[in-house]
Amino acid sequence: MNIMYKIINTLFTLLLILPVMGQTSDLNNSFRITANREDGRFSSSRGAVQYMLKQKPAFTFNPAFTATEFKKWQLDLCSTMKELIRFPEVKDQPAPVRIKMVQRDGYRVEKWESYPLPGSVVPYLVLIPNGIDTTQDKVPSVLCIPGFGGSKEELAGETEGDYGLTSLPVKPVRKNAIKKGLVAVAVDNPSCGELSDNGYFDYLNTSRILLEVGWSYLGLTAWQDWNILNWMKAQSYIDKERVIISGFSLGTEPLMVLGVLDPSIYAFVYNDFLCRTLERILVMTKPDEKGRRPFPNSIEHLIPGFLTQFDFPDLVAALAPRPVICTEGGLDRDFELIKEAYRIVGKPDNFTFYHYKKFANPKDRQQIDRVPEGIDLDTFFQVVNVDPKNHYFKVELVLPWIDKVLK
């Protein structure tokens with residue numbers, strides 16, 4: 001009797017837990033976000049909001065554009081970027097001030113302060129090669145924007161955290177722009193380096209508050225860089241028609257914003273892999289063992305309405321005909337699209353791109369038109385030809401390119 005009871009009890013327990021086990025199994029095998037109703041609606045809120053993203057951005061580049069249509073597309077895209085990035089109307093802020101100057105071997109470093117907003121000070125470093133007469137010469141320059149966790153001191157080869165420039169340089173090899181005779185201007189991203197809080201690089205809280213007040217991390221970043229860029233073009237020794245913007249990783253985002261908004265920028269160094277951010281959100285949906293799908297991107301990348309209007313390849317295409325180098329690959333599909341933009345404007349040689357060494361041979365790259373849904377981050381990188389461990393500033397590619405475009 002007791003044995004029979006135990007058998008019945010065990011069977012009853014199994015009948016109770018099997019449906020739950022089945023649901024878990026189904027959840028973990030359902031990597032795509034699909035509607036679970038006949039009417040195509042989602043009971044999952046994640047599915048419902050992701051459905052909102054499944055629309056073509058308004059300013060998707062069309063390779064069939066005529067030259068006239070392309071120009072109109074650029075102008076309209078620029079107007080929309082202005083609306084989204086929301087530069088503030090700030091009046092009567094002090095002009096930038098030089099607060100220190102130190103001589104290095106072959107160049108000098110000047111520390112300046114910019115005042116882009118009430119209550120805000122944004123320091124930046126200016127590296128000027130020896131031999132430049134700032135009263136007579138006009139030389140090319142480069143605005144250098146660091147990546148996530150980087151700083152202006154790192155870009156300038158100075159000691160991290162030594163904001164008074166009291167130490168000797170630690171990374172002179174990074175001053176390659178100086179060796180080429182260019183003036184280099186190095187900046188911090190918001191909440192990073194000298195703009196950090198108690199030395200902590202707090203991107204998230206800054207981004208959260210900016211979103212609360214109707215702005216964005218990228219909006220603030222671009223605004224700070226915009227003010228320094230305009231200062232650069234106003235200096236008597238800088239050739240305002242030969243200003244290059246170099247962005248590493250996170251720094252490629254303000255690079256694209258500034259490039260779209262300011263047609264006078266001469267050339268661009270895009271040091272990161274190129275992808276469609278919208279596509280990345282839609283395809284990276286493989287859940288973990290608890291059913292949690294990946295978080296697409298942290299909030300310093302978020303600009304309300306951005307992805308309804310354009311994606312990154314569209315913005316790089318909008319930089320044509322100005323010279324651009326992309327140094328860390330992606331899908332050939334996207335590069336072919338951008339090449340069409342340069343063909344339309346009659347400057348096919350002004351767009352240069354390289355792949356990671358791991359994917360340099362076309363036979364080693366994925367050649368696809370659509371990235372499959374239901375993948376995780378590691379799979380995404382593999383599918384779009386990215387080698388994360390070799391993500392660094394590709395000076396070996398950039399310096400020869402700079403020589404070429406400045407001739």
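Me: Which residue in β5 is the bridge partner of S141?

Reply: The model is predicted, so local features need pLDDT of at least 70 and side-chain atom pairs count only at pLDDT 80 or more, while totals for chains, interfaces and linings use all residues. Residues are numbered from 1 along each chain as its sequence is written, and side-chain values use heavy atoms, without hydrogens and water. Strands β4 and β5 (residues 183-187) pair in the parallel sense over four bridges; pairing requires at least two DSSP bridges between two strands, and strands are DSSP runs (E, at least two residues; helices are H or I, at least four), numbered from the N terminus. The β5 partner of S141 is V183.

Me: Which residue in β6 stands opposite V142?

Reply: Strand β6 spans residues 238-248 and pairs with β4 in the parallel sense over six bridges. Opposite V142 stands I244.

Me: What is the relative accessible area of L165, and what is its phi?

Reply: L165 lies in the loop between α4 (152-156) and α5 (176-179). L165 counts as buried, with a relative accessibility of 4%. Most residues other than glycine have a negative phi. L165 is not a glycine, yet its phi is positive, at about 55°.

Technical notes: Buried < 20%, exposed > 50% of the residue type's maximum accessible area, 1.4 Å probe, protein only.
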